[in-house]
Amino acid sequence: MTKKILVTGGAGYIGSHTVYQLGKFGYDVVVYDNLSTGSASAVTNGELIVGGLENKKFLSHIFAKHQFDAVIHFAASISVPESVAQPLDYYTNNTCNTLNLLQCCQIYGVDKFIFSSTAATYGEPKENPVTENSPTEPMNPYGRSKLMSEQIIRDYSRTSGLKYVILRYFNVAGADTSGKIGQSAKKAEHLIKVACDAALGRRHCVKVFGTDFPTPDGTGIRDYIHVEDLARAHIDALRYLEAGGDSQIFNCGYGRGYSVREVIDKVKEISGVDFSVIATMRRAGDPACVVACADKIRQMLGWEPKFNSLDTIVRTALNWEKKLIALAQLEKTLAEQNFKLGVLLLEKQIISAAELEKFLQEQSANGMKLGELLVQKGILCQNHLESILKEQSWRKKGVWLKLPIAV
Ligand SMILES: NC(=O)c1ccc[n+]([C@@H]2O[C@H](COP(=O)([O-])OP(=O)(O)OC[C@H]3O[C@@H](n4cnc5c(N)ncnc54)[C@H](O)[C@@H]3O)[C@@H](O)[C@H]2O)c1
């Protein structure tokens, strides 16, 4: 029987890549997302339910409606500097809301849980590469909010049938190699995204936060993992739990670090643009060097990365950013036409321009709505019409590509 998976935060960057792969592996997916940073267009598979984890009543209703086999929990706030400025928001959204989700798992008997954790739980490592047994001493509220969530999951698991896999991601970057999805959040501050923006003329410069770290070139070193490899780790983790695997924590990285300067040079090389780079002070809570030891996930889950190259990471990220610019232009054109149903049908190549003109004439002659007319003629089925109308309303609200075009 098809397994049904609840994916919180599935409209976000990493969640959407995982949702796409879950579809390829035949899982039935329900995405639960408040679209605060995610976008509706990123959900390429399954059903999107727009809701917040803080809404326990609605969340519980979703659990009651569906019989979930497992939960993959991505939804969170993810900015380290923002967490330093607004710690309570981070403990609420990341820690308290994880608790809400676990309580639903308890009530509705869901016993498999995959959690998005982070290398930020380690803080400034005493040794690199970092193993899963390295001390966890987070340096900022973001890392602490995630570590607390881990502790809650582990404590609950000890007294229940819940089995978990906690994945501690290192620095996630790149975009789907087929160009379908990528990082769309407008406020994203990840280095590779920011550098691509600079290469494409969408920002004036790239700031380097700290050039006096104890590293060979003085800038911070991180382990960058391609988002598709990371998405695949979730499929592997799910299969592991389905096969009766015990609860585990795994690092997700490649075990190779690149400095900020090396990453910037790679973006300049691939884009061919020599954008300006400005050295500034270190940010609060930024460690000098964090590189994963990922032996455990390879050995226990058989995880085999396919895109282990900075070149591929930067190339896919850059291609995605170029596509986003084109999509934004299209969205602007559609917004000028107020996302009329006919225009969306043309965009989706469901009808031709000549057919649209004919149907619009018929529609005004008999007073029907265009959608109703197309259903009556068998060009659209009722379900398809409803999904296009839903998309139309999301696009009007600007949650489609997260563009500032709400009307
Ligand atoms: N991006 C990274 O480099 C990285 C590194 C380590 C860990 N992580 C973790 O991975 C997960 C996903 O990160 P991402 O980069 O895809 O971020 P993202 O912002 O793109 O995705 C988060 C998603 O969660 C949704 N969301 C947030 N709060 C919600 C709430 N209260 N209710 C419902 N939906 C909510 C957002 O709308 C968004 O779609 C997070 O848990 C993050 O802590 C990310």
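A: Let's start with a term: a crossing is called right-handed if the near helix is turned clockwise from the far one by less than a right angle, and left-handed if the turn is anticlockwise. Keep in mind that this is a predicted model.

Now for the helices themselves. The crossing of H6 and H8 is right-handed. Helix H6 covers residues 191–199 and helix H8 covers residues 260–271; they pack at an angle of about 35 degrees, and their axes are 10 Å apart. From the H6 side come Leu191, Ile192, Ala195, Cys196 and Ala199. They meet Val260, Val263, Ile264, Val267 and Ser271 in H8. Sorted by class, the residues of this contact are 9 nonpolar and 1 polar, with no charged ones.

Strand S12 belongs to an open sheet of 3 strands, ordered S12-S9-S14, with mixed pairing. Strand S9, residues 221–222, pairs with S12 in the antiparallel sense over 2 bridges. Here Ile221 stands opposite Ser259 in S12.

There is another helix pair to look at, H2 and H4. Helix H2 (residues 56–65) packs with H4 at an angle of about 35 degrees, with the axes 10 Å apart, and this crossing is right-handed too. Lys56, Leu59, Ser60, Phe63 and Ala64 in H2 meet Asn100, Cys104, Ile107 and Tyr108 in H4. The classes here are 6 nonpolar, 2 polar and 1 charged.

H4 also leads us to the ligand. The ligand is surrounded by 28 residues, and the closest are Gly9, Gly12, Tyr13, Gly38 and Ala76. Helix H4 (87–108) is among the elements giving two or more residues to that shell, along with helix H1 (13–24), strand S5 (112–118) and strand S7 (171–173). H1 provides the largest share, 3 residues. By class, the shell has 12 nonpolar, 14 polar and 2 charged residues.

Finally, step back to the whole chain. The domain assignment gives domain 1 (4–324) and domain 2 (337–397). Taken over C-alpha atoms, the centres of domain 1 and domain 2 are separated by 38 Å.

How values were computed
Residues are numbered from 1 along each chain as its sequence is written. This is a predicted model: local features need pLDDT of at least 70, side-chain atom pairs count only at pLDDT 80 or more; totals for chains, interfaces and linings use all residues. Two strands pair if DSSP finds at least two bridges between them. Helices (H or I, at least four residues) and strands (E, at least two) are DSSP runs, numbered from the N terminus. Domain bounds come from an automatic or database domain assignment. Axes are lines fitted to C-alpha atoms, for helices over the stretch in contact, and angles run from 0 to 180 degrees between N-to-C directions. Two residues are in contact if their C-beta atoms, placed from the backbone, lie within 7 Å. Ala, Val, Leu, Ile, Met, Phe, Trp, Tyr, Cys and Pro count as nonpolar, Asp, Glu, Lys and Arg as charged, and the others, Gly among them, as polar. A residue is near a molecule or strand if its C-beta atom, placed from the backbone, lies within 6 Å of it.
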